[in-house]
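Reader: I have a chain to study. Please take me through its strands and helices in short steps.

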Amino acid sequence: MIRLEDTSGGLVSAAIARERHRMGAAATGMVLTLIIMADEDTQADATSAAVAAARLHPMRILTVVPRPDDKVTRLDAEISVGGDEGPGEVAILRLRARLAEHANSVVVPLLLSDTPVVAFWPGQSPAVPADDPIGRHAQRRITDAAACVDPIAALDMRRTGYRPGDTDLAWARLTSWRSILASVFDHPVGTVTSAVVTGDGIDPSAVLMATWLRKCLRIPVDMALGSDPELTSIAIATKAGQVRVERIDDHRVLLERPDGPSSRLPLPPRELHDLLAEELRRLDSDEAYREVVSSLTELSTS
């Protein structure tokens, strides 16, 4: 780990280049730049997740930690290239005092040329990420409504502030659930009439799931409160009987369908690095997410 105190974006870039040269490796293998806009509470987990994701997507990781309450205006940086940090490059940038308001000017010299830029807010995020000074540089902008103080209000901001290229980890958390349901409908199940999604009342993933079902199946979908702080079950009523997917423990769900025996399917918990790696697989707009988030009705946060 290389530490630079009272430095600049240009000097950080030069230090990364020197370290690459010392190791005998060029940065040409980097496929993107990931900018993480974090605070001290979220930066460590977000950076660790990005480092793990870099094993699949070699990248330059810029973790920006604004510290407006510090007394001295300066930039401090911690830099790591390759080694235990994987094939990517990591720069943790602490923007102190008045410099906290100028993250854009610090980050620009550090962006890899001719590669995509992805911005990630692991905690609180702008109302319109695409209009944020950092978000304007990014082809993809990743937020996490579940990590916000008011997740449902954050999800509502995703609806009203959506721009092509936006996505949210609340949607990525549904990938396995959606895959199981899609496999059910690979075979005839009868006419679908309604559905119930059970989950925590402030879980944005449950809200997105209900909206996705409503849109795909064109049926009324109700939400029921569960005892766990996450999506618990999905019940779809058909004229032939009920299709039900219910979590039975941390790693499995029970699938019941009217035309066959019940089965237990794997649904392991997905860590932050898994979600981030999934989102980095595609750098174009996620049309499925766009359709679902645009179909959300105005959400109540009471």
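Author: Strand β12 (residues 241-247) pairs with strand β13 (residues 252-257) in the antiparallel sense, over four bridges. Strands (E, at least two residues) and helices (H or I, at least four) are DSSP runs, numbered from the N terminus. Two strands pair if DSSP finds at least two bridges between them. This is a predicted model, where local features need pLDDT of at least 70 and side-chain atom pairs count only at pLDDT 80 or more, while totals for chains, interfaces and linings use all residues. Residues are numbered from 1 along each chain as its sequence is written, and side-chain values use heavy atoms, with hydrogens and water left out.

Reader: Which residue in β13 is the bridge partner of E246?

Author: β12 and β13 form a hairpin, with four residues between them. Within this pair, the bridge partner of E246 in β13 is L254.

Reader: Which residue in β14 does L255 stand opposite?

Author: β13 also pairs with strand β14 (residues 260-266), antiparallel and over five bridges. These two form a hairpin with two residues between them. In β14, the residue opposite L255 is S263.

Reader: Which are the edge strands of the open sheet of eight strands?

Author: The sheet's order is β1-β4-β5-β3-β2-β6-β7-β8, with mixed pairing. An edge strand here pairs on one side only, and the two are β1 (2-7) and β8.

Reader: In β4, what is the bridge partner of T7?

Author: β1 meets strand β4 (residues 74-81) in an antiparallel pairing with four bridges. In β4, T7 has as its bridge partner L75.

Reader: Are α6 and α7 roughly parallel or roughly antiparallel?

Author: The axes of helix α6 (residues 175-184) and α7 come within 11 Å and cross at roughly 30 degrees. Axes are lines fitted to C-alpha atoms, for helices over the stretch in contact, and angles run from 0 to 180 degrees between N-to-C directions. Angles under 35 degrees count as roughly parallel, over 145 as roughly antiparallel, 65 to 115 as roughly perpendicular and the rest as oblique. Therefore α6 and α7 are roughly parallel.

Reader: Which residues of α7 do W177, R178 and L181 in α6 meet?

Author: Contact means heavy atoms within 4.5 Å. Across this helix pair, W177, R178 and L181 meet M209, W212 and L213.

Reader: Which elements do the buried residues of α4 pack against?

Author: Buried means under 20% relative accessible area, exposed over 50%, partly exposed in between (1.4 Å probe, protein chains only). In helix α4 (residues 151-160), the buried residues are P151, I152, A154, L155, D156 and R158. They pack against β7 (140-143), β8 (166-168), α7 (204-217) and α9 (287-295).

Reader: Why does E279 count as buried, and which side chain does it join in a polar contact of 3.0 Å?

Author: E279 is found in helix α8 (residues 272-280). E279 counts as buried because its relative accessibility is 4%. A polar contact is a pair of N or O atoms within 3.5 Å; within protein, one must be able to donate a hydrogen and the other to accept it, and residues adjacent in sequence count only if both atoms are side-chain atoms. At 3.0 Å, the side chain of E279 joins that of R140.

Reader: Is S285 buried or exposed?

Author: S285 lies in the loop between α8 and α9. Its side chain has a polar contact of 3.4 Å with that of Y162. The relative accessible area of S285 is 17%, so S285 is buried.
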